[in-house]
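Try each task before you read its solution.

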Amino acid sequence: MNPKVVALTAIVVTAFAAPAFAHHSFAMFDAESTVTLQGTVKEFEWTNPHSWLRVMVTDEKTGQLALWALELSSPARLKRMGMSADSVKAGDAVSVTFHPMKDGARGGQFLQAVLPGGKQIIRANAGDENAE
């Protein structure tokens, strides 16, 4: 077999396979468990490929504030859920429901939120996560 053809084939296969590896798995989240917490927004990152909501929550055991980082969907999906880049800002009180991290770290996969003014944002309302 021609070495040039083999090399070109390898390059083409690699180029088309690379995007498949760009999106990570959700295996680190415990999809069998949900947690709801109330807290204060520290930061809302409206960015691709996933937005992030960081919330300060009072730890029940210590009484100290603890930072929770929640991974949301892409801005395009969040828009379909009714969110925008300015839906929440630092200092806003929110209630968030999410699948927690399997390892117990303070983080999770966003499911829904109640924003200031009572507006509900529900991930399931945006359609299939894998369609994008």
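**Exercise 1. A histidine and its backbone partners**

This is a predicted model. Find the backbone oxygens that the side chain of histidine 99 reaches.

*Solution.* Start with aspartate 30: its backbone oxygen is reached by the histidine 99 side chain at 3.5 Å. Next, go to serine 33, where the backbone oxygen lies 2.9 Å from a polar atom of that histidine's side chain. Now place the residue: histidine 99 belongs to strand E4. Its relative accessibility is 11%, and the cut-off for buried is under 20%, so histidine 99 counts as buried. To finish, look at what surrounds it. Leaving out residues up to four places away in sequence, histidine 99 touches Phe29, Asp30, Ala31, Ser33, Thr34, Gly107, Gly108, Gln109 and Leu111.

**Exercise 2. An arginine in a loop**

Work out which residues arginine 106 contacts, leaving aside neighbours within four places in sequence.

*Solution.* First locate arginine 106 in the loop between E4 and E5. The contacts to find are Ala66, Leu67, Trp68 and Ala69. Take leucine 67 from this list: its backbone oxygen is reached by the side chain of arginine 106 at 3.1 Å. The C-alpha atoms of arginine 106 and leucine 67 are 7.0 Å apart, although 39 residues separate the two along the chain.

**Exercise 3. Charged pairs**

How many salt bridges are there, and which residues form them?

*Solution.* The count comes to three. Begin with glutamate 43 and arginine 54, whose closest N and O atoms are 3.4 Å apart. This pair links distant parts of the chain, since glutamate 43 sits in strand E1 and arginine 54 in strand E2, 11 residues apart. Then take glutamate 45, which also bridges to arginine 54, with the closest N and O atoms 2.6 Å apart. Both glutamates are partly exposed: the relative accessible area is 37% for glutamate 43 and 28% for glutamate 45. The remaining bridge joins lysine 89 to aspartate 92 at 3.3 Å, N to O. Here lysine 89 is exposed at 54%, whereas aspartate 92 is buried at 12%. Finally, look for shared partners: Glu43, Glu45 and Arg54 are joined into one network.

**Exercise 4. The nonpolar core**

Identify the residues with the most contacts inside the largest nonpolar core.

*Solution.* This core has 21 residues, and those with the most contacts inside it are Phe44, Leu53, Leu72, Val88, Val94 and Val96. At least two core residues come from each of strands E1, E2, E3, E4 and E5 and from helix H2. Now pick valine 88 and leave aside its neighbours within four places in sequence: its contacts are Val41, Phe44, Leu53, Val94, Leu115 and Pro116.

Terms used:
Residues numbered from 1 in each chain as written. Predicted model: local features only at pLDDT ≥ 70, side-chain atom pairs only at ≥ 80, totals over all residues. Heavy atoms only, no water. Core = buried A, V, L, I, M, F, W, Y, C linked by side-chain atoms within 4.5 Å. Buried < 20%, exposed > 50% of the residue type's maximum accessible area, 1.4 Å probe, protein only. Helix = DSSP H or I, 4+ residues; strand = E, 2+ residues; numbered from the N terminus. Contact = heavy atoms within 4.5 Å. Salt bridge = Lys/Arg side-chain N within 4 Å of Asp/Glu carboxyl O. Polar contact = N/O pair within 3.5 Å; in protein donor to acceptor, adjacent residues only side chain to side chain.
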